[in-house]
Amino acid sequence: MAAAATSAGAAISSMITLMRKQSFRSDFVPLMDYSQDDTSSENLEWMNKPVVKYVFRLTGLLSFISTCLNTPKTFEYHPFLQYTTFIIDIFCAIILTIEAVAKMKTGGLLVGDSAYLRDRWNHFDAVMVLSIYFSIVLQTLELIYVVNKYTYFTIIRAPRPFILIKVLKTFLKFELPKSQIKSILQRSSSQIYNVTMFFLFFMSLYAILGVQFFGALTFHCVRNGTDLNNVTKSDLMIPDTYCSPTKDGFTCPDNFMCKKIDIPRNLRGYNGFDELATSFFSVYESASQEGWVFLMYRAIDSLPSWRAFFYFITMIFFLAWLVKNVFIAVIIETFAEIRVQFQQMWGSRGAPSDVEATKILEKAEDSTLKLVNIDENKKNGVVPALCLKIVQSPLFTTIVMVVVLANTIFTATIKHTHNEITDRRNRNIYHKVETLFTIFFDLETLFKMFSLGFKNYIRRSIFKFEFMLAVGTTIHCIPLFYRSAFTYFQVLRVARLLKSSPLLEDFLNKIFGPGKKLGSLILFTMCLLLITSSISMQLFCFIKNLKQFETFPRIVLSLFVAVILDNLELEEDVKMIKQLKTREASAETQQQLPWRLRVFERFPDHPQMIELSRLPHEFSIPKIRDSFMRQFLNQDDIYTIPLELSMNMYSKRNAVRTLHTTEHRPTGESMKRTAVLNIIKNVNNQRLLSGDASQIHLASVGDNKLSIYVQQNKIRLHRNKFLDLVTYLEWIMITVTILSAVSMSFETPSNRVIDQPLLQITEYIFVIFMSVELTLKVFANGLFFTPKALIRDFSGILDVGFFLISLIYLCWLPRSVPANSAAQFLMLLRSARPLRIIILVPDMRKVVYEVCRGFKEILLVSILLVVLMFIFAIYGVQIIGGQLARCNDRTYYKQQGLCRGTFWRELYVSKMNVTGADPVMLVPRVWANPHNFNFDYIGSAMLALFEVLSLEGWLEIRDIIMDRMGPEHAIFVHIFVFIGTLVGLTLFVGVVIANYSENK
C-alpha cells in the first residue's frame, strides 16, 4: 500500500509539474471564450456586466419554458397560455436581437477576425433567434385562424429547446489553447465516427439480410369465405395470428385459412422487412431490445423457424450486446480522454489553506490514536459531561440501532385486506405505534443536541440527516399528513441501519462521497431529458389522439431516459494517472524509430524461459552446518519455509526451466532471517539439481523439529510426464462433457434415460471416462496429503462430487421422479454437470476466479440494492397498498359495492386498424388488484419493485399507478427506476468490472 501510494504521489507530482511547464509554453493561447466574456472592445463592456448576463440567461430560460408550453392540447386545457407564450416570445426575440445587433455593430458581420459570422457560437445564437421569429409568425397565423392549430408547421419550433445550451454555457469558463481544443475535438470525433460507421455497417447488413430472409409478412388466419378486400375484426382469429401458406410455419386451425391480407401500411404498422427502409427501422428497434421478440415470433409463424432463430439470435448478439457496448465503451473512453485534457479547467483538487481543521488525533483509553472532531469531547454549557459520554458510548448507539430495526420490522408487517373496517382499524393501530417510535427518535435528537451543542451537532452530515428525519416524521405523525408524501421521511429511517456496519458505511462514502460530481451528473441528465422531451413534443404534438406527446409533463414521463457513466471504477487521481500513461504510451508509439532499430519492434514484450540442461554439474555446492544456522533460526517468531517451496523435485536427467522472479526485500530484524531462508532454499535446490538427494535438516522451531525428506520418485515423475499431455486429456473430457450435456437436453418427463438406450450409452461413457480421469489424477498427484492432491483443490472436490452423483444416478436410473423427492434432488444436482467445462478450461476458470475475488464489493452493492428496494417497498405498502383494486367493468370502476353480476367485455383482436366492432364475451364483475402485481404487503411490493428493477413491465406498473391514483404518484416509480436501475445496477456492473480489471 505504501509503495502504491508513493508511486501514485510521484506520478501526480510529475503530472502537475508537466502541466506547469505546459502552462508557460509560448503556444498557450488562453481561452476560447465559452462564457462570451468579450472585453476586447470597450463598446461591449456593458454586455459583461452581471445584470446584463442575468438578463440573457433569463431570456434563454423563458424561451425554453415558452417552447414547452406551446402545444395545441396545452392551449385547450389553459387558453390564457396562448397569449402568454406569444408575449414571452416577442420579449425574447427583442432581447436576443439587441444582443446580436450589438455584436455585429462592434465586430462587423463578415469582415475581420471578430466578425459576427466567424464565431460558431454566434451561428448558434442566430439560429435560435430565427427560430423564435418563425414561431412568432406561426403563432400569429394561429391566433387569427389562418392556420389550423394542429398543423405540422409546428415542427419549426423543434430547434428552440437547444437554447437551454446557451443558458448553461454562460456558467462555463475555462482556459485551454485553441490548438489543444482542436486536437481533442478531432481525435474524439474520429473515434466516434469510426465506431458509428461500424455500428451502421452491422445495421445495414442485417437490414439487407432481413429483406432477403423474410420479406413482407402479411399472411394471416381468416375465416373460410372471408372477403379479402374487406377484412373485418370478426374475420380474424382471437388474437390475430400470422401463418404460413406452406407446412413450414404456423398452420391455421379448422374453419380458418391462411391468406395474404393487403392493406395500407398506415393500418398494419411500419415494422417488418418489406423493403430496406422498413427493415432498417425494424433492425434499429430490435437493437434497442424493445419488441424484437414479437418480430421473431411473427417470422417463426410465417416462415421456417431456423431463419428466425439464426437471424435474431445473431443480431441480438452482435448489435445489442457486442457492437452497441463497443460504441458505449468508445464514448466513455473518449470522454475520459477529454476529462484528462480539461483538468486545467477543473482546477486544483487540493484543499484550500485557509480552511479550518476540524479533526485532531487523540489518545484513547486503550492507548490507540483516534481521529475525532475538535469539539467532540468539549463540555458545552450546563450539560453534564456524563451526557456526552452516554452519547458517544457504543451501548447508546446499539440501543438506537435496535429501535430502528424494530421500527423497520414493525412497518414491514403492514398488510391490506381490502376490508374497509379491518383496514381502518389496522391504520389506527399503526399510527399510534409509529407515533411512539417518532417520540423516541425525537428525544434522541434532542438529547444529542443538548449534549454536543447545536453548532457541533448540526456540523456533522449524519446528524443533519437525523434532524431532517426527526422533523419530517414528526409532521408525518399529524393525522392530516399521515401516509402522505411525508411518509418518505418515515421509510428513510431504514437507511440509518447502514451506519451500523463500518464496512458498508465506508463503501457508501467511497461511492457517493463526491456529491458535487454526482449532482452535476444528475443535472446534466435532467437537462438532456428536458431538451429531448421538448424537441419530441414539438415534432409530434400536431398528431391528434397521440397522448404521449400532447403536453410537456406527458412527454417527460414518456421519455424518461438517462445515461450513467463510469462512477466507481477508480478514484479520480488514479484514473487521471492511468489516462495520462495511456496518452504518453500512444504518443511514444507514434514516433518513428530508425530503420536499424525497428527490428526490435518484432520482439515479444515479455521474457521467455530457456532450457539449461547442464547447469547442475557446473558448480559444487558445500553443505551448510546445522549448528551454524541455528543462531539465526532458533527464534520464537521464525517464519518457516512454505511446504511447496521446500519440496520442489528436480531430476538431473531432465532439462530445468528457470525464470528469474523479483523478491521482496525486507527491512529490520526480519532481513537477516529472510536472507538466510533464501540461501537455504537456493542451496538445497542446487544440491537436488546436482543429484544429492540425501536428508536435509532445515531448521528447528522451539520444541517442534521440521524435517523434510526429499526423495526422487521415479514412478511419480513418469506419471507427471504422462500428464504433461494433460491438454489432450482435458480436451477429451471437455468433448465427453459436452456430449453428456447434449444428451441430457433430450431428457423429458416422458423420455427418461432408462427408456432410451442411446442416452444410457452416453451416461455410461461419461462415468467411465471420468473414472479414468480421476484415477490418473490420483496416481499422479495423490488424493489427500500431497501438495497437489486432488481433494485439496475446490475444483477437485467438485469433480469427485460430479462423479459420485453420476455414479449413483447410473446405478439407480429412476423411472418416475415425483415432486420434492430424493430422485428429483439427485437430478437437480446432476443438472450442474456442464459446470465441469469451466473447471476444465483454464481461461474460463480464471475469469470466474477473478470475478469471484470481488465478492465483498459485490455483496455490499447487493445489500445496497436490497435496502433500496426495502425502503421503496415500505413506502409503496403505506401509500399505494390497498389503492390499486378496481372493478373490471369500467361502468363501476371505483364502486366496490356495485361491482357484482356479469357484463359484456370487448376482446382485443389485432394491432391492425381494420374495420368492424370488437367481439365481446360475458364475464363476471370482479373487484381485484392488477393480475401481475400489488403493494398490499411487503413481499408482493418487493417482487413488483424487483420487476421494475429489471426494466420488464415497469411502464405497465407506472401507467396503472397513474390511472388509479393520479399522475403525481408516477414520480415514485420514476425515482426508483432512476436510483435503482440506472444507478444501482450500473454500480453493480461497475463493481464487477472494476474487480476483474484489478485482480486480473
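Trainee: Is Cys92 buried or exposed?

Mentor: Buried means under 20% relative accessible area, exposed means over 50%, and partly exposed lies in between, with a 1.4 Å probe and protein chains only. Cys92 has a relative accessible area of 0%, so it is buried. Cys68 likewise counts as buried, because its relative accessibility is 5%. Before we continue, note that this is a predicted model, in which local features need pLDDT of at least 70, side-chain atom pairs count only at pLDDT 80 or more, and totals for chains, interfaces and linings use all residues. Residues are numbered from 1 along each chain as its sequence is written, and side-chain values use heavy atoms, with hydrogens and water left out.

Trainee: How many helices and strands does the chain have?

Mentor: Helices (H or I, at least four residues) and strands (E, at least two) are DSSP runs, numbered from the N terminus. Here the chain has 36 helices and 12 strands. Of its 1000 residues, 37% count as buried.

Trainee: What share of the contacts joins residues 24 or more positions apart?

Mentor: A contact means heavy atoms within 4.5 Å. Among contacts in the chain with a separation of 6 or more, 71% are between residues 24 or more positions apart. Leaving aside residues up to four places away in sequence, Ser135 touches Asn70, Asp89, Ile156, Arg157 and Arg160.

Trainee: How many disulfides does a search of the whole structure find?

Mentor: A disulfide is a covalent bond between the sulfur atoms of two cysteines. The criterion is a pair of cysteine sulfur atoms within 2.5 Å. The search finds three disulfides. With the bonded cysteines of the chain numbered in sequence order, the pairing is 1-3, 2-4, 5-6.

Trainee: Which parts of the chain does the pair Cys221 and Cys252 link?

Mentor: The sulfur atoms of Cys221 and Cys252 are 2.0 Å apart, and the link is left-handed, with -90 degrees about the S-S bond. This pair links distant parts of the chain: Cys221 is in strand E1 (residues 219-223), whereas Cys252 is in the loop between E1 and strand E2 (256-260), 31 residues apart. Both Cys221 and Cys252 are buried.

Trainee: Why is the disulfide of Cys243 and Cys258 right-handed?

Mentor: The torsion about the S-S bond of Cys243 and Cys258 is about 95 degrees, so this disulfide is right-handed. Cys243 lies in the loop between E1 and E2 and Cys258 in strand E2, so the pair ties together parts that are 15 residues apart in sequence. The sulfur atoms of Cys243 and Cys258 are 2.0 Å apart. Cys243 is buried at a relative accessible area of 0%, and Cys258 counts as buried at 19% relative accessibility.

Trainee: What span should the 25 residues of helix H33 have?

Mentor: The expected span of a helix is 1.5 Å times one less than its number of residues. For H33 (residues 855-879) this comes to 36 Å, and its end C-alpha atoms are 36 Å apart, which agrees. Of the 25 residues of H33, 18 are buried, so the helix is largely enclosed by the rest of the structure. Helix H9 (residues 276-287) has 12 residues and reaches 16 Å from its first C-alpha to its last, close to the 16 Å expected. The buried residues of H9 are Thr278, Ser279, Ser282, Val283, Ser286 and Ala287. Just after H9, Gln289 takes a positive phi of about 60 degrees.
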